[in-house]
Amino acid sequence: MGIVAGLDSSSDSTRIVVCDSDTGAVLRQGHAPHPLEPKATDVDPQAWLLSLGEAATGGLLEGVQAIGVSAQQHGLVPLDAQGGLVRPALVGNDKRAQVAAADLVEALGGRQGWSEAVGTVPRSGMPVAKLRWLARNEPEHAQRIAAVLQPHDWLVWQLLGRPARRTTDRGAASATGYWSARSGSYRPDLVELALGHQAALPEVLGPAEAAGTTPEGLLISAGTGETMAAALGLGLGTGDAVVSLGASGSVMAVHHEAPADPSGTITSFADAAGMHLPVVHTSNAVRVLRGTAEMLGAESLDELSALALKSTPGASGLVLLPYLEGERTPNLPHTAGTLSGLRRESMKPEHLARASFEGMLCSLADAMDVLRRRGVEVRRVFLLGAAAGLPAVQAMAPALFGAQVVVPQPAEYAALGAARQAAWALGVSQGTLSPAVPPAWQGAAAQVFEAGDELAVGQAVRQQYNATRDQLHPGAFTH
């Protein structure tokens, strides 16, 4: 038995899991918050090292042979020619860069140009937009930038003692806005478009490659972004999708290639196992439920869920188009939500409660259909987020998604994915594992829900929703 560790440096804390390299069984865990102001967008990366050190106290890493690193995406660490920080790292979905992102979209001729170039359309959180913001707002800093890293790249570099070689992986690289998952290569011209000059970019490692070995003999794997690490930790494969239920929502699925999407609706990420993770985002998910709960005076989402289950499929004809914050999928940024089908008999709290769940899930099903129309297979859907535990979500989702629904038990999936990657790199270095297949760890403990006899009912609810959407927003899904 070997022992490996995975650390996940998220936006607010570091979590470490120590695992059996053969089975993935968790042996020990550690956690420490980052010493940062909440929701800070300018961060000294040393804070990540401080929390890493605190999380690893008490001999947590004793006997560990390899470490994998997962870290927050949407981060930019700008370095000068000597490898020092030019300024604090820019992290998070920094709204300061919204104009910069829009400028970049226009500079390359629109969404289609970016989709064809790198499979992603610039948004304010992406490193390419942050570079543009620096060039426009802090030109003296921008001129000094000689190299750019993301948080996971920087942490791996630090763990290895800041060698001349800097590395990343294809998963993290695909979230930058200047590396294409489809071609597997950088677009340095897009860095220059954003920053005004070239900058050194980290070498992109393969999934099972090691970034290096510390002087103490500890192997450090390639590492990856949080999204890709969580997918590896969940054990996703072809035919699997993940629906993330936050205030906004997302649908991502494992696919053998980066789907072509001229509209730019699909963000083409690479995963950490040699495959691809196309993602479609929605602007509205759990915020729809919270807004409805406030309107109805429900004290919790559990109470709203119970109320919704007193109604029947189709909510007595009520349809809620949940575009409360505008919408990304379909691309209706300036629209508002709509409640349709009001009749005297439908004007009851339980019907509105159900319409809010059906509207949220039908909107996410729309996003899933964007992937399906591009050839992405979805047989099984993993539901993530606190709202995934709501009985109303679990009762409605299988029929509305037309797929088996899996609700994993809460766990540190990003850290587990980082540990699984470390076990993979260790096994390849020892000649016991193939570089083409990650170690077969036990899958996530989960509840499984089937559509069963409700599938036809679910499709009827989708048809009711689609008819209302198409009447109010004709052509929203013409691409």
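Guide: Helix α4 (residues 127–137) packs against helix α8 (residues 188–195) at an angle of about 35°, and their axes are 7 Å apart. Helices here are DSSP runs of H or I with at least four residues, strands are runs of E with at least two, and both are numbered from the N terminus. Axes are lines fitted to C-alpha atoms, for helices over the stretch in contact, with angles from 0 to 180 degrees between N-to-C directions.

This is a predicted model: local features need pLDDT of at least 70, side-chain atom pairs count only at pLDDT 80 or more, and totals for chains, interfaces and linings use all residues. Residues are numbered from 1 along each chain as its sequence is written, and side-chain values use heavy atoms, leaving out hydrogens and water.

Now the contact (heavy atoms within 4.5 Å). From α4 come V128, L131, R132 and A135; they meet L190, V191, L193, A194 and L195 of α8. Eight of the residues in this contact are nonpolar, none is polar and one is charged. Nonpolar means Ala, Val, Leu, Ile, Met, Phe, Trp, Tyr, Cys or Pro; charged means Asp, Glu, Lys or Arg; the others, Gly among them, are polar.

Next, the loop between β20 (319–321) and β21 (338–340) holds R328. R328 is partly exposed, at 26% relative accessible area. Buried is under 20%, exposed over 50%, partly exposed in between (1.4 Å probe, protein chains only). R328 touches R123, H281 and S283, leaving aside residues up to four places away in sequence. The C-alpha atoms of R328 and H281 are 6.6 Å apart, though 47 residues separate them along the chain.
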